Amino acid sequence: MQWKNAKTAVGLDIGRYSVKAIRLERQGKSYKIAKANAYIRQTEGLLEDDDAEMYKFTRTWLKDSQLIDLPICLGLPQELTNSQYSSFPPNLTVDNLRYMVKNLTNQFSGLSGENFLDNFCLMSPVKDQPSQVLIGVCRQSLVEDAYSKATSHGLNVQDQTMSGLGLANAFLLLQPREAAADDSLNLLLDLGTETSTLVFLRQNRVLGIASLMFGASTFQKIMATGQNEENSRSTVQYNPDWDDPDAYIHLAVKRLQEEIGGAIQHWLETPETKNLDCSGHRLWLSGRAAAIPGLASHLDSAEWNDVQLLGPKVDDRLSPEYTIALGLAYHGTGTSPLQISLIPPLLQWQQEKIARFPFLAGALALLAFVTLAFAVWFHCHLNTEQEQIDDKLAELKRCNSLVPDLDGALETMGYYQKLLIPIVEYGNRSRTFLHACDVLYQTRSTTENTDDDWWCYYLSDEFSYLDSEAVKKQREKEQPEKAKPKPQPQPFGLFGNPLEESQEEEPAEAFIPVFEIKPLTMLYTAGFLPSHSNRGRYEDIKRIYEELNKAGLFTGVDWFSEMTETTAPANLKGWGKYLADNKSKFGEFYNFVFKLPLSFRPITIPEEKPFVRGRGARNKAKGGKS
Amino acid sequence: MSNYQLADWPQEHRNLLAAAGLFMVFVGIAYFVFFRARIQELSDSRYAFAKTQKKLQETSWPNDAGRLKKLLEGYKRELEGTSTKQGLKQLAETTLVHSSSLFDDKIKDAYGTDENFMEKASQVEFKDEYDKLNSYLQGKGIFLAKTIFGLDETSLDSSKYQMLLKVWTTEKLVNLALEHKLTVNSSPKKEDKTGPRNDKRGALITAMPINSYILNPGDKQPYLLEIPVKITFTGSMARFLDFAEALQSEEIFLPMTRLEIQSSPPDDKDKGNSDGYLIRDRIQATIVCSAFYRPQGGKLPQSSKALKKPPLPPGA
């Protein structure tokens, strides 16, 4: 089953006399008639009221015509529907319009218990102009009945509309220029078998649709009366003698003119058409009876200027009987300017769904594509991740396998390095001392035997200085005297004499872990330099200090403030006295004391970091109470 | 919500729903067939990776096998050495042998082995050695005073061999100083009288307590003994420097561990050089020199597994 689409549609006009079908096919921006078929019910032996048989035959006929699977737009008899031309306030949205139309059509149902289906079409909206709307209303039961009858026999009905609207759409398709002209009102008259449909159309707008109780059968009856024939020939086959003023055809034409005139008058009385300029009407004839030779030319009236046949060309012949079918097919494509579908709610809902189906399918396709793309990406991602993790894991395993060897190597290196700590530390000290002497000598050599000559009278390492008598005495002064241990009873030997060995016994042997060896970090030196009246005292001292820093052996040479008179070397006094005594001979001298931090250490003992565990331990470390 | 049943939906929608359902089933099957096991495998690998990484992080080594391999090779090269460079192992052994072999000849001659020396060195032997040294030094005008030197014939120690080592170290050091024409100073204090008639001032030579070094706290035996001797002497700076150079040579390893050099102001007789500048080259140096001895002979102490791991070297 093919759903309603804009590419192709079949318009099916089921009349009492014949059934016409036109397949309209899109070609670029326009449509062309791909197929036009019709059959006469009577000829096919179908009884007039046997709809079931007719639909059954129609199905077979459509199948033979290869139209059965195409979307069909079915025409609803105009006399069974109601249409109204209304004006609403300008610039309304479609939803607002729908709401207002609904309210209006509810009035139609009135006291009736029947449900009505309605639809509307906004015709050529103009900004700030009243919204002109054509409303189509039909009983739901009728719509559903027509739909179910057709579909139950296998007809692919996708659309239904009023036959009058089909006529209007056909006119818009066939005569677009005439339909758009604003100088005249177009009266579209479809002469059906029993009834006729009159459409008032101007500037592409349907201003009204009327049903006339006059059709081809009326012609037949009038003409049959005149000829005293009960079963007259078909109107199409009838060729009236227009020259005979007494011919009954003139009576029939007059009657038709009266009917049309009455409809026009009735239409003009409606409030919507009151202010319309109704001069210059043109009548367009379609339908089976329109084909009566000479009818169009003899239907002239004062109320319309011109009468023309309206119909598509089928096999190069103007065929007004196909007009409604063409309009229905045009409506079935969904692209006609006038769209009022009167279809069951289910079909409408389904069509809405079908209209949105591409989006749904697209969304699902996109979802599927995204899912598949994600799956592919995820698969690749998993592979890549797995490979990376495997590589990293293999790397870590290789690392782990090397760790024991590395630990062992480091341990062994540490072991051998530790073995050498005392030898390296002490073995390097001699060289450091000699190097320090050399640096002091080299620094001094630039001023030797000049007026700037200076000399050192003291050089020691930090341990020797701290162990010197002067420093020891100072330290004893600063520290409170420790309580002397009480004399302990001495063990006595065999002959009552104290054991010599006991008296001489040294304290228990204390081993020194190699990490506890204190590395040599500092040397101290003291000396004198001559005073010059033209230079500041520390100017020359600064020069010496800079020279020593440059030498490379020391880093951060500075004044050794801790060496005071009380902690100075014993020979300072002697030198001071000597230089004071010989001041007149040698001039004045300044004393200087430097600490000489070593820039290089032969061993680096790793510092033990305190291992703090838990909060309490941290507090303890800070001296706080836990 | 619409009141329509599934059957009311267009066939296309129902087909699409079925397709979507099938697709979901396909996705579900694909997940179980293709992905679940892989995800589990990846999760296991990640867990194993994290575990291994944590284990490795605890060791502080970097997560780079190439770097670790290079480090290991470097360590091995450093330890074992190359054809052109001595390894740390050999260096440590040769250095230890060299630095502690000062008395090897004496020990070998008198005791044969280090074990014998340590076990069999006696008080009598100490007395004999001390007496010989004392007599020899007295002949050179150097008198040892117990108050300064710390030892005399009566001294007692549980380790007799250590007393012998002190005597031998003093002998070596004093001999070396004398060889370099340095004069050993005597104590200025009256109470430091010594000599056969107790009328001589004691020489400023002190046999300091022996330092016994162990590798790790808790080691039962020291692996190295340092025998420090303090000496104060007077001489020219040049001689002192020669003497200092001689303390560490092919045959002798008596490194100077402490140094204190002082120069005294000139006497009145010092007139200066031809330019009138004062020349004062005499210095008084108090130094501590140490000899080393390995009590276990040539045996190196066992590398303890309980040894605290050294910190990683820079660049590791």
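## Where the two chains meet

In this predicted model, the contact between the chains draws 85 residues from chain B and 77 residues from chain A. On the side of chain B that touches chain A, eight elements each supply at least two residues: the helices α1 (11-58), α2 (65-80), α3 (88-99) and α9 (237-246), along with the strands β5 (211-214), β6 (224-236), β7 (256-262) and β8 (282-293). Helix α1(B) gives the largest share of that side, with 21 residues. Sorted by class, the side of chain B that touches chain A holds 46 nonpolar, 22 polar and 17 charged residues.

Strand pairing also crosses from one chain to the other. Strand β17 (residues 511-513) of chain A pairs with β5(B) in the parallel sense, over three bridges. Within that pair, P513(A) stands opposite I214(B).

Is S468(A) buried or exposed? A residue counts as buried if 20 or more other C-beta atoms lie within 10 Å of its own; S468(A) has 21 of them within 10 Å, so it is buried.

S468(A) and A568(A) are 100 residues apart in sequence, and their C-alpha atoms are 9.4 Å apart in space.

## Chain A as a whole

Chain A has 17 helices and 20 strands. Of its 626 residues, 34% are buried. Among the contacts in chain A with a separation of 6 or more, 72% are between residues 24 or more positions apart.

## The five-stranded sheet

Let us turn to one sheet of chain A. Its five strands form an open sheet with mixed pairing, in the order β11-β10-β9-β12-β13. The edges are taken by β11 and β13 (306-309) of chain A, each of which has a single partner strand, so one side of each is left without a neighbour in the sheet. From one strand to the next, the twist averages 20°. Strands of a sheet pair through backbone hydrogen bonds, either parallel or antiparallel.

Strand β9 (residues 185-191) of chain A pairs with β10(A) in the antiparallel sense over six bridges, and N186(A) stands opposite L201(A) there. A hairpin of four residues joins β9(A) to β10(A). On to strand β11 (residues 205-212) of chain A: seven bridges join β10(A) to it, and the two run antiparallel, with F200(A) opposite G208(A). The hairpin of β10(A) and β11(A) has two residues between the strands, and Q203(A) in it takes a positive phi near 50°. Elsewhere in the sheet, strand β12 (residues 281-287) of chain A pairs with β13(A) in the parallel sense over four bridges, placing L285(A) opposite L309(A).

In soluble globular proteins, nonpolar side chains tend to be buried together. The largest nonpolar core here has 99 residues, of which V184(B), I205(B) and I231(B) touch the most other members. Helix α10 (residues 345-445) of chain A provides the largest share of this core, eleven residues. I231(B) touches L173(B), A177(B), V184(B), L204(B), I205(B) and I287(B), not counting residues up to four places away in sequence. Apart from this core lies another, of 93 residues, including L188(A), F219(A), L326(A) and I343(A).

## Confidence in chain A

Chain A averages a pLDDT of 82, and 86% of the residues score at least 70. Among its elements, helix α9 (residues 323-332) of chain A has the highest mean pLDDT (95) and helix α17 (residues 614-622) of chain A the lowest (37). The pLDDT is below 50 over residues 487-508 of chain A, a stretch with 15 contacts in the model beyond near neighbours in sequence. Over residues 609-626 of chain A, pLDDT also stays under 50, and the model has nine contacts for them beyond four places in sequence. Where pLDDT is low, the predicted coordinates should not be read in detail.

Key:
Residues are numbered from 1 along each chain as its sequence is written. Chains are lettered from A and ligands numbered from 1 in the order in which they are written. This is a predicted model: local features need pLDDT of at least 70, side-chain atom pairs count only at pLDDT 80 or more; totals for chains, interfaces and linings use all residues. Two strands pair if DSSP finds at least two bridges between them. Axes are lines fitted to C-alpha atoms, for helices over the stretch in contact, and angles run from 0 to 180 degrees between N-to-C directions. Two residues are in contact if their C-beta atoms, placed from the backbone, lie within 7 Å. Ala, Val, Leu, Ile, Met, Phe, Trp, Tyr, Cys and Pro count as nonpolar, Asp, Glu, Lys and Arg as charged, and the others, Gly among them, as polar. pLDDT is the predictor's confidence in each residue, from 0 to 100. A residue is buried if 20 or more other C-beta atoms lie within 10 Å of its own, exposed if 12 or fewer, and partly exposed in between; C-beta atoms are placed from the backbone. A nonpolar core is a set of buried Ala, Val, Leu, Ile, Met, Phe, Trp, Tyr and Cys residues joined through C-beta atoms within 7 Å.
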